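Here's a walk through one protein model, starting with its sheet and ending with its cores. Take a look at the sequence and structure first.

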Amino acid sequence: MYELTALKVTDCRRCRLSRSRTQIVNGSGHVGAAVMFTGEAPGKAEDLMGVGFQGQAGKIFDAMLAYLGLRRDQIWLNNAVRCRPLQGQKNRTPRPDEIQACRPWLLQDVDQIAPRLIITLGRISYASVTGHDDFATMRGKLVSVPGLPSVFPLFHPAYLIYRREMRSVMCHDLTALLRYMDEHGIEHSPGQPGLCLS
Ligand code: URA
């Protein structure tokens, strides 16, 4: 079971997403985690379940974690926005004002969990955490941002659903990340090749 803590936002009306959500999808995992993963936004399954990264993207996320020798109950997982952005019946990208409105909750997680490393998943997450727009050049590298723990940007797991050929790039980045974790004494179990076998 995941530990869901006082970091739960129980009500928030800071932006329009509050009007269409089923529930707020708070961060989940281990409050003493050394590593925080930040995604983009909840989708349909997450909005219903209340926990991040379900479904197909969740399976890829879990395979990424397994490669790193980590489990969900050892990390902290959250999103740039905590409520599902909807366009009609479909998911959409969160808008800048929605990301800005949710940022205090993201920073609260950073403050309370105090991770040593933040792994951002996709361009939107990277921009939300760092304020930078250079995802394409910095992906797979360590990024320093004043006032934040070190940031390591990765592709979003959902990107690999449609772009299978990018799995090898993801595996290259995950290997660089594992090296960083080992060099900096960030604990993990032996990784399982899974995602990176082929
Ligand atoms: N995509 C995300 O970025 N976060 C989730 O929680 C689910 C899908």
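What follows covers the ground rules, the sheet, the helices on it, the cores and a record entry.

## Ground rules

This is a predicted model, so to speak of local features we need pLDDT of at least 70, and side-chain atom pairs count only at pLDDT 80 or more, while totals for chains, interfaces and linings use all residues. Residues are numbered from 1 along each chain as its sequence is written, and side-chain values use heavy atoms, with hydrogens and water left out.

## The sheet

Let's start with the strands (DSSP runs of E, at least two residues, numbered from the N terminus). Five of them make an open, mixed sheet, ordered β1-β3-β2-β6-β7; two strands count as paired if DSSP finds at least two bridges between them. β1 (28-29) and β7 (150-154) sit at the edges with a single partner strand each, so one side of each has no neighbour in the sheet.

How does β6 (residues 117-121) run relative to β7, parallel or antiparallel? The two are parallel, joined by 5 bridges. L117 has S150 as its bridge partner, and L121 has L154.

Helices here are DSSP runs of H or I, at least four residues long. Helix α3 (residues 96-113) lies across β2 (35-39), β3 (76-79) and β6, at about 165° to β3. Helix α4 (residues 123-130) also packs on the sheet, touching β2, β6 and β7, and makes about 140° with β6. Contact means heavy atoms within 4.5 Å; angles run from 0 to 180 degrees between N-to-C directions, with axes fitted to C-alpha atoms, for helices over the stretch in contact.

## The cores

A nonpolar core is a set of buried Ala, Val, Leu, Ile, Met, Phe, Trp, Tyr and Cys residues joined through side-chain atoms within 4.5 Å. The largest has 47 residues, and F37, I119, L154, L174 and L177 touch the most other members. α7 (167-183) is among the contributing elements, and α7 gives the most, 8 residues.

Leaving aside residues up to four places away in sequence, L174 touches M64, Y67, L68, L154, L195 and C196. Another core, of 10 residues, lies apart; V9, I24, I99 and C102 are among them.

## From the record

UniProt lists residues 26-175 as "domain: Uracil-DNA glycosylase-like" in an unreviewed entry; such annotations may be inferred rather than shown by experiment. That span is 42% helix and 17% strand, and the end C-alpha atoms of residues 26-175 lie 29 Å apart.

Terms used: Buried < 20%, exposed > 50% of the residue type's maximum accessible area, 1.4 Å probe, protein only.
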